[in-house]
Each structure stands twice: as C-alpha cells, then as structure tokens.
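Here are a few friendly notes to read with the model open beside you. Take them one at a time and find each spot as you go.

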Amino acid sequence: MSYVKVEPNLMKVVEVISKLIYRNGSLCVTFSHIRRETMFHPQTLTNLLEKGKTIGLIAECKDLGLGENGYTILQNTVVSLEYSVINEIIKITDNHIIMKHLIKNRLYNNSILPLKGIIVKILGDVLLDMPFIFKGRNNYEIDLTKNILDKYYIFYLDSDIEIKPGETYNYEYEFYLKYFPPMDYFITESVNYVMTYSAKTYLTKNEKRVIKSVRLEYSPDVKIIEEKQGKTFHEVKIIKLPSCRSIKFWFHI
C-alpha cells in the first residue's frame, strides 16, 4: 500500500501512533493517547482505526500476540514481530573464547502474497565441531564444513511450508562462533522490518568476567530505547528496526 492513497485523517492517525511509539518507547499506543493527540471524536477515531486495520496499516497489539493493550502500525510486508538474540560464553581457551548464539524470530505476513521458506545467514569464525541447529515447522541439525572462500553460510529452510497472509510463523536457531582478544565482533541482520528487537550478552563464565564491555555499532536510523550493562550481562532493546539493518556487537575481551 502506498501512503499517498490513504485518506488524510487516517494518515494523521498513523503519524501520531508512529510519533508516540518513539516518544513513549513502547510499541503499543492506547486509544486515549491517540485521541489526545488527534483531538478526534471517539467514534471518528474508532472508525479510522478500524479502517486502518482493514487495510493492514494498523493492528491491535493483542491480535499480534504482543501482550500489550493498544495499537501499532505495520508495514505492508512480512514483518518480524519479535526478534531476540542471546549470546552466551560456553568455553574459554588460551587464545580465544567460544560463544553460543541463539536467535528467535516471530514473523507475521502482512502482505497480500504467501511467503515460502526461511533464509538464515551466519557469519564469522564458525566452530565446525558443533552443529547448526534450526527449529521451525521442521527441525534440522546440520553439520558444518569448512568454507574456504568466505566466512559465511546460507541455509534455505522449511522451503516446503507456506506462510499465508495474516499468518504468523515462529522459528529459532543456534550456532557457535570463536572470538579472539582483544576485540572481536558479532553481527545480526534481519531481512524483514523488525517491530521489537532485543539482545542479551552474558559477560561471565563460571562467575569469571570474560567480556569486559560490549559496544554497539548501527546506522543513524536505528532507535534504541534501552541499553544497560550489569556485572554479568549487557542488554539492548530496539523498536521499529528497518529491514536489512545490521547491529554489530563489539566484544572487548
């Protein structure tokens, strides 16, 4: 859908919801907050919100399973409702550390066409004696081989499934990478527009501090709503992450 074809009052509602999402740092905006900003009569606003839902531009958070009351705006594409990353140290050697990375993604097909299959790309110094594990509608455990030319692997998974318009699809995968001191990095990138992105990095192993600090690198249009580092972990939360935007984690070891 092109925004230029949306009636002005509905476009105003969309713009207000977008503004409040950034201002409040929450993906869901309540009816009362939208009304206060737009000054529309309650019934007028109700009708506009329903029209926005009908054309797939606005959604109620409870309908998306986001666990919050209120409304949010959607892209007219396949979107990632929740994208989460967990980085955990599993082994320390004399010259490097090994980390397990667990990625979870919940897709929602807000387009008019069905989506077939999932593409996963992993990049870095992959540990070859540990498998790549994928859990979707079909589960896979794939033994990796040395990739001489490039340090990345691409997998086309669940290619026989079809995610129809209006359907959600959950999947997760894990893999293991080596990191070398004093500084090394890890990259995540979603092909789809991401509504909520969260990442947690554990800094310790057996109560010993291994990663001294974590620094993020990202493009100027990425909106971080929370970032904190404790004694044992680093956490970050992002909303409305544009498609194909990478988040680079620099680990100071």
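1. The lining of the second largest pocket has 11 nonpolar, five polar and five charged residues. Here Ala, Val, Leu, Ile, Met, Phe, Trp, Tyr, Cys and Pro count as nonpolar, Asp, Glu, Lys and Arg as charged, and the others, Gly among them, as polar. Of the 21 residues that line this second largest pocket, Glu82, Thr196, Tyr197, Ser198 and Lys237 lie nearest its centre. β3 (78-92), β11 (193-202) and β16 (233-241) each supply at least two residues of this lining. The space in the second largest pocket is about 340 Å³.

2. Some background on the model: it is predicted, so local features need pLDDT of at least 70 and side-chain atom pairs count only at pLDDT 80 or more, while totals for chains, interfaces and linings use all residues. Residues are numbered from 1 along each chain as its sequence is written, and side-chain values use heavy atoms, with hydrogens and water left out.

3. Now for the largest pocket, with a volume of about 630 Å³. (A pocket is an open set of points on a 1 Å grid over the protein atoms alone where a 1.4 Å probe fits, with protein on both sides within 12 Å along at least five of seven lines; lining residues have an atom within 4 Å of a point. A volume is the space filled by probe spheres set on the points, which are joined across faces, edges and corners.) Which strand gives the largest share of the lining of the largest pocket? That is β5, with nine residues. By class, this lining has 17 nonpolar, seven polar and three charged residues.

4. Next, find Ile73 in strand β2 (residues 71-73); strands are DSSP runs of E, at least two residues, and helices are runs of H or I, at least four, numbered from the N terminus. Is Ile73 buried or exposed? Ile73 is buried, with a relative accessible area of 10% (buried means under 20%, exposed over 50%, partly exposed in between, with a 1.4 Å probe and protein chains only). Residues that Ile73 touches include Val14, Ile17, Leu57 and Met195, where contact means heavy atoms within 4.5 Å.

5. Last, look at helix α1 (residues 8-24) and helix α3 (residues 42-54), whose axes are 10 Å apart at an angle of about 85°. Axes are lines fitted to C-alpha atoms, for helices over the stretch in contact, and angles run from 0 to 180 degrees between N-to-C directions. The two helices α1 and α3 are therefore roughly perpendicular to each other (65 to 115 degrees).

Note on methods. Parallel < 35°, antiparallel > 145°, perpendicular 65-115°, else oblique. Points joined across faces, edges and corners; volume = space filled by probe spheres on them. Lists of a residue's contacts leave out its neighbours within four places in sequence.
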